[in-house]
Amino acid sequence: MQSFVDLITSPNADERNRPFEEHCRKASAADLLAACVELDAFRRRSHNLYERVRALFFLYALHRFHLPARPGLNPHGLIPFEAYKHLLERRFEEAIDILAAAQDKEGPSDAISSALAAAYQRLGFQTLADQVRRSVRSVRGNQWMFRMGHPANHPLRIRPELLALTAEGTYPVLRERTPVRMDLSHSGWSDIFFLGMDYPEGARVLNVSIDLGVRGRDPEPRPPVEAFLRVIDQPILRLTSVDLGDTADIEHLPGVFDFASDCLGLLKAAVIAAGIIPPGVEGSGQDLAELLGRLVGPGRGIELVSNVNNIPKGSRLAVSTTLLACLTSVCMRATGQAKSLEGPLLEEERRLALARALLGEWLSGSGGGWQDSGGLWPGMKLICGVLAGESDPEYGISRGRLLPSHRILGPEDVTEETRRLLQECLVLVHGGMAQNVGPILEMVTETYLLRCGPEWKARLEMAGILDGIIEALGTGDVRRVG
């Protein structure tokens, strides 16, 4: 049987792109176990990000799907308690070592393979998250966040405009509104960014930023994602999600980095990624009130509020990344990391917000898609993978870099008539259906995109068929694209 490592390292693209299932089909249990040993040794010695991640997911697939289906594998077995503890503590390397030793001693079993599959899969995502941190850390303007470990070294300050009391005796509220993104076409796998990094030449996404409005309710579409920030007279970090109905007053630093205690993980990730609570202070034992006092003044704190207007969870409109970008942007504006409190961000500010939003996605555990922050760029744009250069942190470990390029398509690329026709022929219908789309994504609500020409849209509305479609889908929630 041909080596599984060849599927990863072969210079022949046809060989590298062969279906994994085809490679496993005729292999015996002994062959697959030998392949696991080979792949595990390979991923430990390889310095290439893509090679390590692909080997880890090969190992996951072998233990989850292929070995248990082979005759002769013991359907029963015991998982060592120490390995179980390591899995809970996210110490996946230690768990793998213990499980592999148990497999050598007691023989392969369905139980051991199940535990190994979980460990390899989570280690794969952990490896990707570590690379995201390294890549984001290298972006100019981010390095200080990872080096800072004491409140006295915090370089950020809240802009004076946000510290001036209003006539009512309250502090001003800064609001950021951001459209969501819709992919008109893309190369399918490019949403998985490490594949886009391995083959950046093929990573292409035609992406539009859209405002939304509910048919029959809203006079016109508007940006559906909002973030609000203001100073408060308490030395705490107050986080609120209006749409989720959750709020928390965080008084101690460890609470900022606790993503499992409530539904506010994205807000916490944004606060960290924007540098308000820099990632470098995690585990430092410093006082949150002192850190906030350095930022906004003694005895004061910050309130950050998010609101996603009438978009069902898992809508395929990249709401989580857009929300993170929106929250990060409002934090950047408030702390002087963006030039203006109003108006569009500058190009370099958008790219900084993009890098930080990706970091926030991986900090919170949701794992952002490669093109999901397209809503930061206005209108219609082409998002492309970029080969890693010598100045990029991915150089030598990946063919492509983490951050793609964004080219906004102007009137010379897409005429006003084409834009008008496109807008007239798109209607979003919430179908109320749920499906599991991946291991790091939760159950999602499917959003149907009805594509029809302007004349057919008029006929459907005249005949009442559109309302019938909505009724058949069990919802009256139809969103027009703005």
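Helix H12 (residues 265-273) packs against helix H15 (residues 347-364) at an angle of about 135°, with the two axes 8 Å apart. H12 is therefore oblique to H15. Angles under 35 degrees count as roughly parallel, over 145 as roughly antiparallel, 65 to 115 as roughly perpendicular, and the rest as oblique. Axes are lines fitted to C-alpha atoms, for helices over the stretch in contact, and angles run from 0 to 180 degrees between N-to-C directions. Helices are DSSP runs (H or I, at least four residues), as are strands (E, at least two), numbered from the N terminus.

This is a predicted model: local features need pLDDT of at least 70, side-chain atom pairs count only at pLDDT 80 or more, and totals for chains, interfaces and linings use all residues. Residues are numbered from 1 along each chain as its sequence is written, and side-chain values use heavy atoms, with hydrogens and water left out.

H12 passes H15 in a right-handed crossing. A crossing is right-handed if the near helix is turned clockwise from the far one by less than a right angle, and left-handed if anticlockwise. On the H12 side, Gly265, Leu266, Ala269, Ile272 and Ala273 meet Arg356, Leu359, Gly360, Leu363 and Ser364 of H15. Contact means heavy atoms within 4.5 Å. Six residues of this contact of H12 with H15 are nonpolar, three polar and one charged. Ala, Val, Leu, Ile, Met, Phe, Trp, Tyr, Cys and Pro count as nonpolar, Asp, Glu, Lys and Arg as charged, and the others, Gly among them, as polar.

Helix H14 (residues 319-334) also packs on H15. H14 is oblique to H15, and its crossing is right-handed. Ser320, Thr321, Leu324, Ala325, Thr328, Ser329 and Met332 of H14 meet Glu349, Leu352, Ala353, Arg356, Ala357, Gly360 and Glu361 of H15. That contact of H14 with H15 has six nonpolar, five polar and three charged residues.

Another pair is H4 (residues 29-45) with H5 (residues 49-66). H4 is roughly antiparallel to H5, and passes H5 in a left-handed crossing. Among the contact residues are Leu32, Phe42 and Arg43 of H4 and Glu51, Phe58 and His66 of H5. The contact of H4 with H5 divides into ten nonpolar, two polar and four charged residues.

| Helix pair | Angle | Axis distance |
|---|---|---|
| H12 and H15 | about 135° | 8 Å |
| H14 and H15 | about 125° | 8 Å |
| H4 and H5 | about 155° | 9 Å |

By class, the lining of the largest cavity has four nonpolar, three polar and four charged residues. Its largest share, three residues, comes from strand E4 (residues 212-214).
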